[in-house]
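Please keep the sequence and the coordinates to hand while reading.

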Amino acid sequence: MIYLDNAATTKPSLAAFERAKEFVSEKYYNPSALYTEGYALQSELKKARSVLLSKVADENFFEFVFTSCGTESDNQAIFSFARRGNAVTTLGEHSAVSAAFHELKNRGVAEPRFAPLNPDGSVNVEKLLELIDEKTSFVSVMHVNNEIGAINDINTIAKLVKKKNPRVVFHSDGVQAYGKIPFKLGKEIDLYSVSAHKIGGLKGVGGLIKRKSLVLPPYIIGGGQESGRRSGTENVFGIKQFQYAFEEKFSSLKEDFARLTEYRELLWEGLDKTVYTRLSSVNGTPYILSVAAKGLRGEILLHMANDKGLIVGTGSACSSNAKNRYSQVILACGFDERTADGVLRLSFSPETTREEVLQATEILNEVGRDLSSRMK
Ligand code: PLP
């Protein structure tokens, strides 16, 4: 099977799994316990925190809080800091952010405001800034879009947002960026969400990077783990496997970025342009290529490709239960409903090979031409 749905989840790194195995077989203690064996795990967590943070941010200025997933991190950021008045985000966000913003309204907490997108899926910064006023408490702009792959320059955006209202807490959903694209968090970023399973980690492990001087209210209350910011016994095995998977990804991040850019273009060049239209910009993440087979149903193509040994996505896997037939993000980029109906998301991982890309191109052309001819 050729797997090109890595934006939904990645195959866990088996090397990282092997290295972390001792935290299941031997070092299975509760890290909050007072005896030596338990307490020793605190230093393992500390090491993991440091590795996961230091490659993307200044450790003097930021800290890393473990959570159960990217969704939890997004929710904690939003529900902790969106206050009376309004909160601003974009029309490109994953449902972990967009649904939480709608919930702010349902709960009467704050008025949610959504900034429009540019055709490439990045946020229209001018329009975003127009939505921010003296009553804005919280702004969330995703780093890399999970459906179309657009990259937002979050450091510059955060700077502009703070210039307009210095009291704003600025959050970014970094789930599709972390461990994949080169960047360092600027000092205007207050909160940044990450998730393990998008980079060879396991499902159920995530993190919220926060500015040290920002007081983060707990979202899950209990035993006071994570310095009282996120209660619940830490998943030491999952966290260590996340650390090792991240180390692995980070050590070849730049080479992977360059190689996958080449593969993304190779795939696009090979696709039949009478069937497929490109949605992703060349300036987006090399990990995602979104295309549309206009006039065809993406879902049908997905199943046809699946039967031929190729796994692809149609949009956000996490929103597959949504009532809406069309991706709101794709429509917000300005594409029409016929285009939105035919979207296929092809997403790569560093394990993707050139051979797989070439085979995937053939399969996509075959199923695309086949379905087109049946529609005539
Ligand atoms: N944010 C983005 C941009 C995502 O792509 C996803 C998952 O697809 C999430 C948040 C949710 O992350 P998790 O699956 O860890 O809850």
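In this predicted model, the shell of residues around the ligand divides into four nonpolar, seven polar and three charged residues. The shell numbers 14 residues in total, and the closest of them are T71, D173, Q176, S195 and K198. The points below are grouped by topic, beginning with the ligand.

**Ligand site**

- Helix α4, which covers residues 70-81, gives the most to the shell around the ligand, contributing three residues.
- The side chain of Q176 places an N or O atom 2.8 Å from an oxygen atom of the ligand, and Q176 is also listed among the closest residues of the shell.
- A polar side-chain atom of H197 lies 2.9 Å from an oxygen atom of the ligand, while for H94 the distance from a side-chain N or O atom to a ligand oxygen atom is 3.4 Å.
- Taken alone, the ligand exposes 390 Å², of which the protein buries 93%.

**R230 and its surroundings**

- R230 sits in the loop that runs between β8 (206-211) and α8, and R230 counts as buried because its relative accessible area of 14% falls under the 20% cut-off.
- The side chain of R230 makes a polar contact with the side chain of E72, at a distance of 2.7 Å.
- Leaving aside residues up to four places away in sequence, R230 touches V65, F66, T67, S68, E72, Q76, I220 and Q225.

**Helix α3**

- Helix α3 (residues 36-54) has 19 residues, which at 1.5 Å a residue should span 27 Å, and the distance of 27 Å between its end C-alpha atoms agrees with that expectation.
- The buried residues of α3 are G38, L41, E44, L45, A48, V51, L52 and L53, and these pack against α2 (22-25), β2 (62-67), β8 and α8.

**Helix α9**

- Helix α9 (residues 253-270) has 18 residues and reaches 25 Å from its first C-alpha to its last, which is close to the 26 Å expected at 1.5 Å a residue.
- The buried residues of α9 are L253, D256, L260, Y263, R264, E265, L266, L267 and W268.
- The cover over the buried residues of α9 includes the helices α8 (236-251) and α13 (354-375), together with the strands β1 (2-4), β9 (276-278), β10 (288-293) and β12 (343-347).

Definitions and conventions:
Residues numbered from 1 in each chain as written. Predicted model: local features only at pLDDT ≥ 70, side-chain atom pairs only at ≥ 80, totals over all residues. Heavy atoms only, no water. Near = heavy atom within 4 Å. Polar contact = N/O pair within 3.5 Å; in protein donor to acceptor, adjacent residues only side chain to side chain. Areas by Shrake-Rupley, 256 points an atom, 1.4 Å probe, with all protein chains shown as cover. Helix = DSSP H or I, 4+ residues; strand = E, 2+ residues; numbered from the N terminus. Nonpolar A, V, L, I, M, F, W, Y, C, P; charged D, E, K, R; others polar. Expected span 1.5 Å × (residues − 1). Buried < 20%, exposed > 50% of the residue type's maximum accessible area, 1.4 Å probe, protein only. Contact = heavy atoms within 4.5 Å.
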